[in-house]
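The sequence and the model are displayed first.

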Amino acid sequence: MEKKRYEVDVQAKQLTEVTNGKARGLVITASQQEADMLELKFTELGKYEFDSYVRAHIPIMPYSNDVSNDRYNETLRDIYENVYRLADQETKDRMMEEGILTEVKRLK
């Protein structure tokens, strides 16, 4: 299966194919199936983000009992673990330098 280079912007929940050779964000090499899986994870992340937002406006629901927040954290962890798995060496080094994986493991 053919693999393409993508730039991943987790905050914007975007996956963009790198066509000009230059990318500023996290760079991965992924098959279409792997890219689709990441885009699905971004969709899930947005849903859990919205659910957490709604929960934040209900004062009687404690933060510690927020299933959507737990699912948000799990999905974010999955995204970063997959990005690391599919990343080129430069991106892996950057993720280690910035402590992204340390933060992801803390969410477990």
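The protein chain has an accessible surface of about 7,200 Å², and carbon and sulfur atoms account for 48% of this area. The model is a predicted one, in which local features need pLDDT of at least 70 and side-chain atom pairs count only at pLDDT 80 or more, while totals for chains, interfaces and linings use all residues. Residues are numbered from 1 along each chain as its sequence is written, and side-chain values rest on heavy atoms, with hydrogens and water left out.

**Overall fold**

Along the principal axes, the C-alpha atoms of the protein chain fill a box of roughly 50 × 25 × 20 Å. The secondary structure consists of 4 helices and 3 strands, arranged from the N terminus in the order β-β-β-α-α-α-α. These elements are DSSP runs numbered from the N terminus, with helices (H or I) of at least four residues and strands (E) of at least two. Of the 108 residues, 36% count as buried; buried means under 20% relative accessible area, exposed means over 50%, and partly exposed lies in between (1.4 Å probe, protein chains only). Among contacts between residues at least 6 apart in sequence, 57% join residues at least 24 apart, a contact being heavy atoms within 4.5 Å.

**The strand region**

Serine 31 belongs to strand β3, which spans residues 26–31. Serine 31 counts as buried because its relative accessibility is 4%. With residues up to four places away in sequence not counted, serine 31 touches Met1, Glu2 and Lys3. Glycine 21 is found in the loop between β2 (14–17) and β3, and at 52% relative accessibility glycine 21 counts as exposed. Although 16 residues separate glycine 21 from arginine 5 in sequence, their C-alpha atoms are 8.7 Å apart in space.

**Helix packing and a nonpolar patch**

Two packed helices are described by the angle between their axes and the distance between the axes. The axes of helix α2 (residues 67–86) and helix α3 (residues 89–97) come within 8 Å and cross at roughly 140°. Such axes are lines fitted to C-alpha atoms, for helices over the stretch in contact, and the angles run from 0 to 180 degrees between N-to-C directions. Helices α2 and α3 are therefore oblique to each other; angles under 35 degrees count as roughly parallel, over 145 as roughly antiparallel, 65 to 115 as roughly perpendicular and the rest as oblique. In this pairing, Tyr80, Val83, Tyr84 and Arg85 of α2 meet Lys92, Met95 and Met96 of α3.

Phe50, Tyr53, Val54, Ile58, Ile60 and Met61 make a nonpolar surface patch of about 610 Å². Patches are made of residues with over 30% relative accessible area and no salt bridge, where like charges are joined within 9 Å and nonpolar side chains (Val, Leu, Ile, Met, Phe, Trp, Tyr) within 5 Å. One of these residues, valine 54, is placed in helix α1 (residues 32–56). Valine 54 is partly exposed, at 36% relative accessibility.

**Salt bridges**

The whole structure contains 10 salt bridges, each being a side-chain nitrogen of Lys or Arg within 4 Å of a carboxyl oxygen of Asp or Glu. The table includes three of them.

| Lysine 13 | Glutamate 49 | 2.9 Å |

Lysine 13 and glutamate 49 form a salt bridge. Lysine 13 sits in the loop between β1 (3–9) and β2 and glutamate 49 in helix α1, so the pair ties together parts that are 36 residues apart in sequence. Lysine 13 is partly exposed at 25% relative accessible area, and glutamate 49 is partly exposed at 36%.

Glutamate 44 and lysine 41 are separated by about one helical turn because they lie 3 residues apart in helix α1. Glutamate 44 is partly exposed, with a relative accessible area of 27%, whereas lysine 41 counts as buried at 16% relative accessibility.

Aspartate 78 is partly exposed, its relative accessible area being 22%. Through salt bridges that share partners, Lys41, Glu44, Arg77, Asp78 and Glu81 are joined into one network.

Terms used. Areas by Shrake-Rupley, 256 points an atom, 1.4 Å probe, with all protein chains shown as cover.
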